[in-house]
Amino acid sequence: VRMGTVGGSVKANPAAAAGLCIAAVSSSQELGELMTAVGLAQNLAALKALATDGIQRGHMRLHARSVALAADVPRHLQDRVVRSMIDSERISESKARQIVAEIESAQRDPGDTALGRGSASGKVILLGEHAVVYGRPAVALPLPEAISASLYASSSGTTLRIPSWNLEQELGQDAADGAMALLQLVIRHLGLESQRFLMHVDARIPPAAGLGASAALAVAMIRALDSAYSLGMNDKTVNDLAFECETISHGTPSGIDNSVAVSGKAMVFRRKGPRRIRELSLDRLPPLVIAWSGTRGSTRQQVEAVRERWLKAKAAHERIFDEIGQISLEGARALGKGDDARLGSLMNIAHGLLNALQVSTPLIEEMVDIARSGGAAGAKLTGAGGGGSIVALCPGTTEEVSGALSAAGFEVISGFAVTGGRDEQG
Ligand code: MEV
């Protein structure tokens, strides 16, 4: 292909002259080759976006959402049905109705026949994730009753059922990770290997979304077993065992997730020290919007990746952790005073620092950008990152920000009154 590189029209057009200068081509033949290569690269990029999860992911989600609406899926089940249709790769009204029927039948409460029940809070980390693993303070709020577990008698084997996660598993060979691995560890610790039961779990938050689902699941299951078999556990013993469970999910957990799961209180948390947990009493609930990217993030992987980078550049990472720790303390004060402008700006800075730790992703950045453009005073990733969720502080703009995130195909986690705790404690 030969292109014009000289002549009146090329000279007269300053953009053409600038383009030739940037491309640094020496002949019309070379310019033709360059243009062909760029054109081909663009075509391949478009094909990749269409064929992999680039454009398709968002479109699938939007499509599945309108199919769910057309199938009259009840509002409280819509997110779950959309997720199941995408996971099953079948998006149709009949599939949506089938999923609703399955969820409803699995959730039908068998009445008073439960031998024991337990529940626990999820969490949203407002400030301080990752730095908390290195001893700095973090601020977390509970997502009350995010997970509830009921235990039923079973004459056959032991089954774990979590309908909203599409999970039904028999206790069998050793599970390396996931929900069944948690249950196995708990059964072993509590000496309940000879018991047979059905553990039915109602989960209102997605797994691996940075919202403390694994800790809440462990705590809810431990509490259900404690009440079914009268084990006489208290919050401390439940918390200790849940921390053990967290080592399966997280490797080297700080303990923040299980502490919030057990107490259900807003807190400033430190890994060690005399005032490890300071519960916060809040006069008002902060106007938060929490949204899930739809991608799962592995806390274990993210914590390990940060550790590897820390080992390579300890001083630089320690300075970032120090800064995050300071921001957590300032943020806790702003939260107590209801100073949303201050808290929002601290959340934005914290997100920048989490970026410096390289735990954000392009999707999370997109969500943060949507939230800020929609009027959030602050928005950041929450939890370990590498996928997962964002939290945005939206005084007077919760509707706009939730609407913009849903319209872009992200799942807004709603239905939780994010509560404060009791009076401050030592
Ligand atoms: C996970 O919810 C929060 C992290 O800081 C890990 C931890 O504290 O265990 C990333």
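Author: The side chain of His317 has a polar atom that lies 2.9 Å from the backbone oxygen of Ala313, which is a polar contact, that is, a pair of N or O atoms within 3.5 Å, where within protein one must be able to donate a hydrogen and the other to accept it, and where residues adjacent in sequence count only if both atoms are side-chain atoms. The model is a predicted one, so local features need pLDDT of at least 70 and side-chain atom pairs count only at pLDDT 80 or more, whereas totals for chains, interfaces and linings use all residues. Residues are numbered from 1 along each chain as its sequence is written, and side-chain values use heavy atoms, with hydrogens and water left out.

His317 belongs to helix H12, which covers residues 314-337; helices (H or I, at least four residues) and strands (E, at least two) are DSSP runs, numbered from the N terminus. His317 counts as buried because its relative accessible area is 9%, where buried means under 20% relative accessible area, exposed over 50% and partly exposed in between (1.4 Å probe, protein chains only). Once its neighbours within four places in sequence are set aside, His317 is in contact with Arg309, Trp310 and Leu357, contact meaning heavy atoms within 4.5 Å.

Helix H11 spans residues 299-312 and holds Gln302, which counts as buried because its relative accessibility is 12%. If residues up to four places away in sequence are not counted, Gln302 touches His130, Gln358, Val359, Ala384, Gly385 and Gly386.

His130 is placed in the loop between S1 and S2 and counts as buried because its relative accessibility is 5%. Its phi is near 70 degrees, a positive value in a residue other than glycine; most residues other than glycine have a negative phi. Around the ligand there are 13 residues, and the closest are Lys123, His130, Val132, Ser254 and Asp257, a residue being near a molecule or strand if one of its heavy atoms lies within 4 Å of it.

An N or O atom in the side chain of Ser254 is 2.6 Å from an oxygen atom of the ligand, while for Lys123 the distance from a polar side-chain atom to an oxygen atom of the ligand is 2.7 Å, and for Asp257 a polar side-chain atom lies 3.0 Å from an oxygen atom of the ligand. Taken alone, the ligand exposes 300 Å², and the protein buries 98% of that; accessible areas come from the Shrake-Rupley method with a 1.4 Å probe, and for residues only the protein chains shown count as cover.

At least two residues of the shell around the ligand come from S1, and at least two from H10. Helix H10 takes in residues 256-263 and is mostly covered, with seven of its eight residues buried, namely Ile256, Asp257, Asn258, Ser259, Val260, Ala261 and Val262. These buried residues pack against strand S1 (116-127), strand S2 (138-153), helix H8 (213-228), helix H9 (235-250), strand S6 (267-269) and strand S7 (277-279). After H10 comes Gly264, whose phi is positive, near 65 degrees.

Thr397 lies in the loop between strand S10 (389-393) and helix H15 (398-407), and Thr397 is buried, with a relative accessible area of 14%. Leaving aside neighbours within four places in sequence, Thr397 is in contact with Gly374, Gly375 and Ala376. From C-alpha to C-alpha, Thr397 and Val289 are 9.4 Å apart in space, although 108 residues separate them in sequence.

As for the whole, the protein chain has 15 helices and eleven strands, and 48% of its 426 residues count as buried. Among its contacts between residues at least 6 apart in sequence, 70% join residues at least 24 apart. Its C-alpha atoms fill a box of roughly 90 × 55 × 40 Å, taken along the principal axes.
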